[in-house]
Amino acid sequence: MLVIVCYDVNTETREGRRRLRRVAKLCESTGQRVQKSVFECQINLAQMEELERKLRAEINEQQDCLRIYRLPETRGAEVREYGQFKAVDFDGPLVL
């Protein structure tokens with residue numbers, strides 16, 4: 001399934017900047033960055049629940065915002081992109 005993870009971490013303090021780095025590293029290890037604080041992840045339900053648990057442990061719910069969108073796998077679903085971003089086709093062949 002395709003999961004979109006978006007976050008906004010308050011970076012006014014040193015601890016906030018640390019939280020931001022930890023949240024970004026978790027997302028980078030799971031998906032691909034499509035904007036500064038937005039990641040697309042091709043993962044299964046168990047992986048999504050693990051990612052959600054880890055992210056919730058990192059953020060400060062009083063100061064930060066975390067949104068996770070689980071997109072259903074339906075025919076005709078599409079993503080339109082414009083500009084300089086180059087997506088990785090996770091379903092395509094792996095060329096080394």
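R14, R17, R21 and K25 form a positive surface patch in this predicted model. Such a patch joins like charges within 9 Å, using residues with over 30% relative accessible area and no salt bridge. Residues are numbered from 1 along each chain as its sequence is written. As the model is predicted, local features need pLDDT of at least 70, side-chain atom pairs count only at pLDDT 80 or more, and totals for chains, interfaces and linings use all residues; side-chain values use heavy atoms, leaving out hydrogens and water.

**Terms behind the patch**
- A salt bridge is a side-chain nitrogen of Lys or Arg within 4 Å of a carboxyl oxygen of Asp or Glu.
- Accessible areas come from the Shrake-Rupley method with a 1.4 Å probe.

**Overall architecture**
- The chain has two helices and four strands, where helices (H or I, at least four residues) and strands (E, at least two) are DSSP runs.
- Read from the N terminus, the order of elements is β-α-β-β-α-β.
- Of the 96 residues in the chain, 27% are buried, meaning under 20% relative accessible area.

**Helix α1**
- Helix α1 covers residues 14-30 and contains R21, one of the patch residues.
- R19 also lies in helix α1 and is buried, with a relative accessible area of 5%.
- Although V23 and S37 are 14 residues apart along the chain, their C-alpha atoms are separated by 9.4 Å.

Methods. Patches are made of residues with over 30% relative accessible area and no salt bridge: like charges are joined within 9 Å, nonpolar side chains (Val, Leu, Ile, Met, Phe, Trp, Tyr) within 5 Å. Lys and Arg count as positive and Asp and Glu as negative; His and the chain ends are not counted. The place of a charge is taken as NZ of Lys, CZ of Arg, CG of Asp or CD of Glu. Buried means under 20% relative accessible area, exposed over 50%, partly exposed in between (1.4 Å probe, protein chains only).
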